[in-house]
Amino acid sequence: MSAEFTMRRISPVVYDRMMRGEPPFPYRYVAESGQVAKRWEITAVILANGNQADPGPAAAIVGGRRIPDEQDDHGGTRAFSAAEVVTVAQALQAFSEDEFRRRFERLDFTGVLGAESDGRPGHGIDIYLDCLRHLRAFYGAAARAGNAMMLWLA
C-alpha cells in the first residue's frame, strides 16, 4: 500500500492534457499539499465508513480518474475535472465532524496503513479531524477557483 498522499490543484487545461495522455511533466500546478501524507488511509476509511465499493466523501483521497497509460498499479496519479472537484468539495463540506468522530470510534482499522496491531488508529481523533478540515479547505479553494485536481499516491 502506498505511504504518501499529495494533492495538487491544476488548471482545467492541464487536466485535459493529462487525460489526453500527453507527456506527464512538466505540469504546472496552482497549489500543492502533502499535509494529509501518511494519514491518508485511516482518513479515507473513516470517510468511506469502511466501504471501499462506495467511498462517498473518501473519493477526495481514493477517487479520480487514472491517468491514461500510467503503469503504477499501487496508487499512482489520478485526477478530477473542475466539475468533479465541486462535487467532491460539496460532499466533504456536507460530512459532519460528529459522524467522523463516531466512525473513528466504531471502525476496525486492522490492516490499514497507520493502524496499531489492535486495529486502532495510530493517532488520536484530532490528527484525523485536521486531515478532514484540510481536505475541505483544499478542495473548497479548488472548487471556488475553478481548478481541477491531481492526486498522487506513492
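## A buried aromatic pair

F80 and Y139 are both buried, where buried means under 20% relative accessible area, exposed means over 50% and partly exposed lies in between, computed with a 1.4 Å probe on protein chains only. The model is predicted: local features need pLDDT of at least 70, side-chain atom pairs count only at pLDDT 80 or more, and totals for chains, interfaces and linings use all residues. Residues are numbered from 1 along each chain as its sequence is written, and side-chain values use heavy atoms, with hydrogens and water left out.

## Aromatic pairs

Three aromatic pairs are present in the structure. Rings of Phe, Tyr and Trp (its six-membered ring) pair if their centres lie within 6.5 Å; planes under 30 degrees apart count as stacked, over 60 as edge-to-face and the rest as tilted. The pair of F80 and Y139 is edge-to-face, because the ring centres are 6.2 Å apart and the planes stand at 70 degrees. F80 belongs to strand β4 and Y139 to helix α6, so this pair ties together parts that are 59 residues apart in sequence. Helices (H or I, at least four residues) and strands (E, at least two) are DSSP runs, numbered from the N terminus.

F104 and Y128 form a tilted pair, with 5.9 Å from centre to centre and 40 degrees between the planes. This pair links distant parts of the chain, as F104 is in helix α5 and Y128 in helix α6, 24 residues apart. F104 counts as buried at 6% relative accessibility, and Y128 is buried with a relative accessible area of 1%. The charged end of R120 sits over the ring of F104, 5.5 Å from its centre; the criterion is that NZ of Lys or CZ of Arg is within 6 Å of the ring centre and within 35 degrees of the ring normal.

## Nonpolar cores

A nonpolar core is a set of buried Ala, Val, Leu, Ile, Met, Phe, Trp, Tyr and Cys residues joined through side-chain atoms within 4.5 Å. The largest one has 37 residues, and those with the most contacts inside it are F5, L47, F100, L135, Y139 and M149. At least two residues of this core come from each of β1, α2 (40-48), α3 (59-62), α4 (82-94), α5 (97-106), α6 (125-145) and β5. Helix α6 gives the largest share, nine residues. Another core lies apart from it and has eight residues, including I10, M18, A79 and M150.

Leaving aside neighbours within four places in sequence, L135 is in contact (heavy atoms within 4.5 Å) with F5, M7, V36, T43, L47, I61, L92 and G140.

## Strand β5 and its partners

Five of the six residues of strand β5 (residues 148-153) are buried. Two strands pair if DSSP finds at least two bridges between them. Strand β1 (residues 5-10) pairs with β5 in the antiparallel sense over six bridges, and R8 stands opposite M150 of β5. Strand β4 (residues 76-80) also pairs with β5 in the antiparallel sense, over five bridges.

## The surroundings of R78

R78 lies in strand β4, and its bridge partner in β5 is L151. At 6% relative accessibility, R78 counts as buried. A polar atom of the R78 side chain lies 2.5 Å from the backbone oxygen of I61, and a polar atom of that side chain lies 2.7 Å from the backbone oxygen of G63. Leaving aside neighbours within four places in sequence, the contacts of R78 include V62, G64, R66, M149 and L153.

Methods
Polar contact = N/O pair within 3.5 Å; in protein donor to acceptor, adjacent residues only side chain to side chain.
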